[in-house]
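I opened my notebook to look up a few things in a protein structure. Come and read along with me.

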Amino acid sequence: LRQPLTKTRQFRTLLQSEQLEFICEAHNGLSAKIVEEAGFAGIWASGLSISAQFGVRDNNEASWTQVLEDLEFMSDATKVPILLDGDTGYGNFNNMQRLIRKLEQRNIAAVCIEDKLFPKTNSFLKGDAQPMADMQEFCGKIKAGKDAQTDPDFCIIARVEAFICGWGLTEALRRAEAYHQAGADGILIHSALSVPDEILAFKREWGSRSPVVIVPTKYYSTPTDVFRQHGFSMVIWANHMLRAAVATMQKTARALKESENLLSIEDKVAPVSEIFRLQNAAELLEAEERYLPRG
Ligand code: SPV
Ligand code: MG
């Protein structure tokens, strides 16, 4: 019998594959399942989306163990690997080590940490006013994380916020090289511009020293072939399940409030049977046949 690949091996394979790969955001068990069913080979556990679905801000207001609880539902609901947006690692090198151990226990395949300060601020809020982490301190965090993992396939992605914080290409490259040397399995280069100029300039200089991951939220009109031609490894669609859900929930709530009647929305929402299917209710019905006394 062939064992299925571990989630960590699946993620490492995606990260290191020759072609451009895509992973999509999810923020709870149900959205993770939906992303998997759509055919994505991996899931981005977005800090922004997980915070937002709890109704709090993307400033480490949700504690890291609350994030971990949510991740556990996501991981249990799916077979594809999950890359956690681990913000700044929720503390120093020591907190990072404990995080890695807990992620391995929860079958999370990889984590991405960014070179800013705890509590973090979302990159699209006053990005250029945000201080960066000390480069050497951040390298220590990466090394500590790599030393803490027990599964050699677990990946740590180092996210470079130099463009976000207004530093530019030289600083982005200097940091990426330091993080690479410290043992990062890949670099996420982030940009808040509406054009891909910064990330393309970075990739031209970086070459293929290590896999490069991008988040095109702001440069969304760039054709995907541009990313492919430049040799990026992975694209993250970072927050679109959350934003889709918000748009639909707002529309539905307003329509219900207005009409005081379900007719206005019934054909625009998923049937209850679809919810049961996503929860795998059928499996429990079968199990009841097997395990509950008859009669
Ligand atoms: C997230 O999804 O939480 C991210 C990506 O970190 S971004 O919001 O673009 O910073
Ligand atoms: Mg985030």
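**Ground rules.** I am working with a predicted model, where local features need pLDDT of at least 70, side-chain atom pairs count only at pLDDT 80 or more, and totals for chains, interfaces and linings use all residues. Residues are numbered from 1 along each chain as its sequence is written, chains are lettered from A and ligands numbered from 1 in the order in which they are written, and side-chain values use heavy atoms, with hydrogens and water left out.

**Entry 1: the barrel.** I looked up how the strands are arranged. Eight strands close into a barrel with parallel pairing, in the order β1-β2-β3-β4-β5-β6-β7-β8. On average, neighbouring strands of this sheet are turned by 30° against each other, direction ignored. My notes on terms: strands (E, at least two residues) and helices (H or I, at least four residues) are DSSP runs numbered from the N terminus, two strands pair if DSSP finds at least two bridges between them, and axes are lines fitted to C-alpha atoms, with angles from 0 to 180 degrees between N-to-C directions. I then picked one pair: β1 (residues 21-26) and β2 (residues 43-45) run parallel and are joined by three bridges. In this pair, Cys 24 stands opposite Ile 43 in β2.

**Entry 2: the cysteines.** How many disulfides does a search of the whole structure find? I found zero, counting a disulfide as a pair of cysteine sulfur atoms within 2.5 Å.

**Entry 3: pockets.** I noted the terms before looking. On a 1 Å grid over the protein atoms alone, a cavity is a set of points where a 1.4 Å probe fits but cannot get out, a pocket is an open set with protein on both sides within 12 Å along at least five of seven lines, and lining residues have an atom within 4 Å of a point. The largest pocket holds about 570 Å³ of space. Of its 20 lining residues, Leu 30, Ile 34, Ala 245, Thr 248 and Met 249 lie nearest the centre. Helix α10 gives the most to this lining, with eight residues. The second largest pocket has about 200 Å³, and its lining includes Gly 29, Leu 30, Phe 73 and Asn 280. Here α2, α4 (64-77) and α11 are the elements that give two or more residues.

**Entry 4: cavities.** How many cavities of 30 Å³ or more does the structure hold? I found two. The largest has a volume of about 170 Å³, and the closest to its centre among 15 lining residues are Leu 48, Asn 122, Arg 159, His 190 and Ala 238. The second largest cavity has about 80 Å³ of space. Helix α3 (residues 47-54) supplies the largest share of that lining, three residues. Among the residues lining this cavity I noted Gly 47, Ile 50, Ser 51 and Tyr 90.

Technical notes
Grid points are joined across faces, edges and corners, and a volume is the space filled by probe spheres set on the points.
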